[in-house]
Amino acid sequence: MFVAPRYGTGSLADLFPSVLAGLGVPGEQDRLGLGLAIERACVLLVDGLGYQDLVANPTAAPFLSGLAPRSLTAGFPTTTATSLTSLGVGVPPGEHGVVGYLFHVPGYDRLFVPLSWRLHGVPKSDLRGELVPEQFQPRATVFERAAADGIAVAQVSPRDQAGSGLTKAVLRGCEFRPQLSFGDLVAGVSEALRAGPRALVYTYHGDLDLTGHVRGPESRSWVLELANADRLAAALAEELPPGAALLVTADHGMVQLEDRIDFDTTPVLREGVRALGGEARARHVYTVAGATSDVAAAWQATLGPDFEVLDKEETFARGWFGPTVDPAVAERIGDLVVVARGRRGVIRTGAEPLQSWLVGHHGSLTPAEMNVPLCVLRT
């Protein structure tokens with residue numbers, strides 16, 4: 001029921017190193033075996049586009065389906081902040097340290113939300129002066145490595161991502177071109193691809209993820225939004241100059257929940273727990289000292305076989321966070337990690353009211369969440 005991340009040979013973290021190898025950057029390896037020999041590349045990330053859902057809807061996405069998509073795995077957990085970091089840095093979560101949607105950072109009494117670079121429950125907390133993004137994630141990004149080799153590097157993304165903590169941490173090193181609309185995105189990518197003898201452009205489309213969360217990935221709304229993402233990819237392909245490649249991928253897939261267990265109204269789940277991170281499909285459970293084994297037993301008995309409850313060392317042994325986990329990163333991971341198998345999730349109606357009513361969720365290692373497409377077009 002679970003898909004193991006294919007770090008090093010077939011994961012999202014291996015995409016940009018393979019593209020840089022195709023652009024001739026010294027020291028980079030074609031981990032995915034793409035065999036690119038190009039001067040320019042555009043990578044489009046469609047947030048929330050699972051491989052399983054793409055191949056199930058060829059009529060809605062004729063362009064992408066016609067590129068014979070192959071399957072990559074996201075990292076674990078299958079969530080945007082973690083996947084964007086794996087993509088932008090080119091290493092697994094156990095090395096880059098962004099280990100989920102919501103997790104513990106030593107020295108803080110509230111959990112950290114990397115997407116907004118704030119403390120959970122404190123909307124206006126901006127931690128860029130405390131958790132300095134470039135220090136929180138100090139490894140050179142793929143964009144910095146490309147720019148160091150003379151490649152013109154740009155990101156074309158929504159305006160609100162410019163200068164954000166997450167952008168500075170994991171996508172730094174490129175010119176940021178704010179995207180105002182569908183046409184503006186395509187025009188911005190086209191211009192950036194021609195900015196130098198060699199060019200690398202990253203761009204992002206988020207509407208499919210939003211639709212899946214609110215309406216569900218099985219809704220007609222989702223299928224129609226997939227058609228829009230397909231049109232965007234086709235429009236970008238029309239703008240490619242000679243000697244270029246378009247690569248379309250995603251950060252995670254999604255499942256539609258059928259049942260929810262509320263941590264905030266289930267006393268047996270709260271006993272011995274000092275903090276609950278992650279999200280509905282993949283939870284970091286931080287326990288009171290000495291209570292880990294009792295909490296694990298209570299959670300497994302309460303949640304049943306639709307969930308797997310593991311201590312963090314077991315997840316390390318399975319390689320979920322990568323072949324190695326840095327000691328500083330290990331401190332951010334829950335004492336227990338709880339992942340869903342079926343269509344259930346652990347919600348928090350009190351602490352996370354917005355997330356709790358969403359229809360579509362992700363985070364776990366099921367095929368629908370873990371497998372993401374890679375579609376490649378060369379000119």
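A salt bridge is a side-chain nitrogen of Lys or Arg within 4 Å of a carboxyl oxygen of Asp or Glu. In this predicted model, a search of the whole structure finds 19 salt bridges.

R198 pairs with D149, and the closest N and O atoms are 3.0 Å apart. R198 sits in the loop between α9 (182–193) and β7 (199–205), and D149 in the loop between α7 (142–148) and β5 (152–158), so the bridge ties together parts that are 49 residues apart in sequence. R198 is partly exposed, at 21% relative accessibility. D149 is also partly exposed, with a relative accessible area of 26%.

E258 forms a salt bridge with R343. The closest N and O atoms of this pair are 3.7 Å apart. E258 belongs to the loop between β9 (255–256) and β10 (259–262), while R343 belongs to the loop between β14 (336–340) and β15 (344–347). The pair therefore ties together parts that are 85 residues apart in sequence. E258 is exposed, at 61% relative accessibility. R343 is partly exposed, at 33%.

The bridge between E352 and R283 has its closest N and O atoms 2.9 Å apart. E352 lies in the loop between β15 and α16 (353–357), and R283 in strand β12 (residues 282–287). This pair links distant parts of the chain, 69 residues apart. Both E352 and R283 are buried. Elsewhere, salt bridges link E95, R139 and D326 in a network.

Helix packing was examined for α10 and α11. The axes of helix α10 (residues 207–215) and helix α11 (residues 220–238) come within 9 Å. They cross at roughly 175 degrees. Angles over 145 degrees count as roughly antiparallel, and α10 and α11 are therefore roughly antiparallel to each other. On the α10 side, the contact is made by D207, L208, T211, G212 and R215. On the α11 side, S221, W222, E225 and L226 take part. By class, the contact has 3 nonpolar, 3 polar and 3 charged residues.

Cysteines were checked for disulfides. A disulfide is a covalent bond between the sulfur atoms of two cysteines. With a cut-off of 2.5 Å between the sulfur atoms, the count comes to 0 disulfides. For C174, the closest cysteine sulfur is in C42, 12 Å away and too far for a bond. C174 counts as buried, at 19% relative accessibility; the limit for this class is under 20%. C375 is likewise in no disulfide. Its nearest cysteine sulfur is that of C42, 13 Å away. C375 is buried, with a relative accessible area of 1%.

Backbone geometry was also considered. Most residues other than glycine have a negative phi, and most peptide bonds are trans. The peptide bond from F76 to P77 is cis, with omega near -5 degrees. P77 is located in the loop between β2 (70–73) and α4 (80–89). A68 is a residue other than glycine, yet its phi is positive, near 50 degrees. A68 lies in the loop between α3 (62–65) and β2. A68 is exposed, at 61% relative accessibility. W117 is not a glycine either, and has a positive phi of about 50 degrees. W117 is in the loop between β3 (112–113) and β4 (118–119). At 1% relative accessibility, W117 is buried.

Key:
Residues are numbered from 1 along each chain as its sequence is written. This is a predicted model: local features need pLDDT of at least 70, side-chain atom pairs count only at pLDDT 80 or more; totals for chains, interfaces and linings use all residues. Side-chain values use heavy atoms; hydrogens and water are left out. Axes are lines fitted to C-alpha atoms, for helices over the stretch in contact, and angles run from 0 to 180 degrees between N-to-C directions. Helices (H or I, at least four residues) and strands (E, at least two) are DSSP runs, numbered from the N terminus. Angles under 35 degrees count as roughly parallel, over 145 as roughly antiparallel, 65 to 115 as roughly perpendicular and the rest as oblique. Contact means heavy atoms within 4.5 Å. Ala, Val, Leu, Ile, Met, Phe, Trp, Tyr, Cys and Pro count as nonpolar, Asp, Glu, Lys and Arg as charged, and the others, Gly among them, as polar. Buried means under 20% relative accessible area, exposed over 50%, partly exposed in between (1.4 Å probe, protein chains only).
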